[in-house]
Amino acid sequence: FLRVAHYPQDPAVLRACDSLGILASVEIPLINEITESDSFFNNCSRMLSEMIRQHYNHPSVIIWCSMNEILLKPRYNSDKSRQKQYLATITRLARSLDSLARQEDPSRYTMLAHHGDYNRYRETGLVDIPMILGWNLYSGWYGATLSDFPQFLDNFHKDYPQKPMLVSEYGADADPRIRSMQPSRFDKSVEYTTKFHQYYMSEMFKRPFVAGAMVWNLADFNSETRTESMPHINNKGLLTWDRIPKDPYYYYKAVLTSTPFIKILGTQPAAGIADSSGASCKRPLQVATNLEVLRLFINGKEAADKRMENGLCEWEIALQEGENNITVKGLKNGKQYTDNATIHFKLYPSRFNEKNSFAPMNILLGSNRFFTDDEQQVWVPGLEYKTGGWGYSGGKAFKLQNNSRLPYGSDKNITGTPNDPIYQTQQTGIEKYRLDVPPGEYEIVLHFAELLSSQAKEQPYNLSDADRIEPNGKRVFNVYINDNLVLDHFDIAAQYGSATAVVRSFKVKALGTNGINIEFKAIEGQPVLNALQVKPIHHTGLQQTD
């Protein structure tokens with residue numbers, strides 16, 4: 001099934017649906033709000049008639065849709081009497097369009113697609129008008145709680161047991177460059193989005209009264225007003241904009257395919273911090289499958305069997321530096337099915353000594369996310385400093401005040417970089433950053449961005465003004481490396497502007513057991529650091545590194 005929304009598409013779309021046997025709904029571009037004029041009413045009617053007459057002979061089309069989320073941006077919020085009149089006009093237009101569609105084509109269904117404000121659509125009568133109701137539901141994404149989704153379905157079905165319903169939109173952003181071992185709403189991690197789709201599918205499978213559901217969207221697409229981790233792109237696609245599958249795509253293959261299916265997820269280059277043994281790092285591994293039990297092999301060694309739960313098998317595995325060869329096997333009707341993958345893993349030391357060499361380290365501050373940049377370098381979440389190791393001292397992860405949505409720092413478009421997530425989090429009020437590296441010469445790269453401004457951003461969906469306005473504040477500080485002043489009266493906003501990537505690089509010598517000590521001294525406001533890189537040039541026991 002394909003919902004063709006919310007504007008006319010190339011005729012090739014419905015021709016493909018006809019030839020492939022894909023059922024479809026099509027709709028006119030009547031979205032979010034209306035204009036109360038005869039010319040607007042006439043134009044909507046003309047668009048609907050033209051759409052039906054143009055597509056009438058496509059056997060794939062089974063639904064005509066005439067409105068999408070028409071109450072998303074209600075007018076006259078400060079004048080309830082005037083708003084009541086406006087809503088009544090919307091209802092009158094909806095009835096007129098629905099009647100027109102039934103006259104033009106008595107053989108097909110009519111639909112309206114509503115967002116999740118159930119009571120308002122019910123009060124205005126928009127629930128009663130069409131033959132089929134579509135609900136665009138984002139509980140656990142724009143809405144705070146995943147469990148609101150099944151509750152909404154049950155409440156609607158209880159009130160309208162005879163009304164056919166579709167989940168006409170649902171989805172969550174997955175930036176394929178972002179991973180997390182602590183996935184949370186709106187962090188843009190692939191792991192959270194996989195969990196989101198798994199939950200939605202599970203709840204809909206439990207409810208036969210949900211006639212169908214449409215993921216928003218098949219592929220990532222341009223959305224000019226969005227900023228977020230990948231500016232101007234809506235990342236809700238199961239595929240990237242250039243049609244490379246993400247993990248949730250394979251999850252759907254597992255739960256909707258009748259033939260045996262196994263796919264190891266999350267096989268892109270990765271990095272992590274060594275555990276107490278210093279030889280490996282534990283990471284979760286997910287495998288999408290429709291087989292009941294899978295057996296895992298890591299570098300030829302057998303691990304525990306796992307039983308599939310709702311399309312996924314999950315393990316915690318220990319990854320080592322370099323190539324990690326993963327094999328998963330399962331049986332179906334006596335036949336064995338297998339998937340293989342290689343994970344290239346960069347192991348960061350948790351503690352330094354003169355014998356352990358290490359490659360350049362890329363560290364995010366104020367973040368729980370892992371990020372792969374445009375040079376395929378993996379950035380890891382930072383640590384609080386412990387003797388013999390590395391990390392920050394003082395401050396806390398940046399979090400916007402009065403913002404219930406973002407679990408990480410900011411979703412601003414960071415200018416001057418294609419790698420926005422490096423600069424969208426920071427440690428605010430940081431006092432020190434220490435690395436107990438062996439003696440030698442290093443390059444230290446500090447990354448900054450000023451994330452505060454007084455400007456309100458355009459709302460991409462139904463977010464409140466409080467979630468979009470960020471306070472302004474003065475910030476000036478000094479930075480010392482091994483007691484040498486390297487940044488004097490550093491004022492990011494004044495010198496570079498807000499939401500701009502700032503990179504400052506320094507050659508540093510570590511002598512004896514002193515390591516590298518970076519100090520941040522406040523002059524006005526609180527010092528910040530968004531990310532840090534340490535690149536060994538040479539030291540005892542370490543080969544030359546580019």
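Visitor: Where is glutamate 228 found?
Guide: Glutamate 228 is found in the loop between β9 (221-222) and β10 (233-234). Helices (H or I, at least four residues) and strands (E, at least two) are DSSP runs, numbered from the N terminus. This is a predicted model, in which local features need pLDDT of at least 70 and side-chain atom pairs count only at pLDDT 80 or more, while totals for chains, interfaces and linings use all residues. Residues are numbered from 1 along each chain as its sequence is written, and side-chain values use heavy atoms, with hydrogens and water left out.

Visitor: And what is the phi of glutamate 228?
Guide: The phi of glutamate 228 is positive, about 60°, although the residue is not a glycine. Most residues other than glycine have a negative phi, and most peptide bonds are trans.

Visitor: Is glutamate 228 buried or exposed?
Guide: Glutamate 228 is buried, as its relative accessible area is 5%. Buried means under 20% relative accessible area, exposed over 50%, and partly exposed in between (1.4 Å probe, protein chains only).

Visitor: What about asparagine 299, where is that one found?
Guide: Asparagine 299 is found in the loop between β14 (293-298) and β15 (301-307). Asparagine 299 also has a positive phi, about 50°, and is not a glycine. With 34% relative accessibility, asparagine 299 counts as partly exposed.

Visitor: Which residues does a cis peptide bond join?
Guide: Alanine 5 and histidine 6 are joined by a cis peptide bond, with omega about -10°. Histidine 6 lies in the loop between β1 and α1.

Visitor: What happens at the start of α1?
Guide: There, a side-chain oxygen of aspartate 10 reaches to within 2.8 Å of the backbone nitrogen of alanine 12. After α1 comes glycine 21, with a positive phi near 75°.

Visitor: Which unit do β1, α1 and β2 make?
Guide: With helix α1 (residues 11-20) between them in the unit, β1 and β2 make a right-handed β-α-β unit. Right-handed means that, with the strands pointing away from the viewer, the path from the first strand over the helix to the second runs clockwise. β2, helix α2 (residues 38-55) and β3 make a right-handed β-α-β unit as well.

Visitor: How many bridges join β1 to β2?
Guide: Strand β1 (residues 2-4) is joined to β2 by 3 bridges, and the two run parallel. Two strands pair if DSSP finds at least two bridges between them. Valine 4 has valine 26 as its bridge partner in β2. Valine 26 in turn has tryptophan 64 as its bridge partner in β3, and 4 bridges join β2 to strand β3 (residues 61-68), again in parallel.

Visitor: Which way do the residues of β2 point?
Guide: In strand β2 (residues 24-27), Ala24 and Val26 point one way, Ser25 and Glu27 point the other way, and all are buried.

Visitor: Now histidine 197: buried or exposed?
Guide: Histidine 197 counts as buried, at 0% relative accessibility, and is found in helix α6 (residues 190-205).

Visitor: Which residues does histidine 197 touch?
Guide: Not counting residues up to four places away in sequence, histidine 197 touches residues including Tyr170, Val215, Leu238 and Tyr252. Contact means heavy atoms within 4.5 Å.

Visitor: Last topic: in what order do the 3 strands of the open sheet stand?
Guide: The order is β23-β24-β31, with antiparallel pairing. β23 (396-397) and β31 (528-529) stand at the edges with a single partner strand each, so one side of each is left without a neighbour in the sheet.

How values were computed. A polar contact is a pair of N or O atoms within 3.5 Å; within protein, one must be able to donate a hydrogen and the other to accept it, and residues adjacent in sequence count only if both atoms are side-chain atoms.
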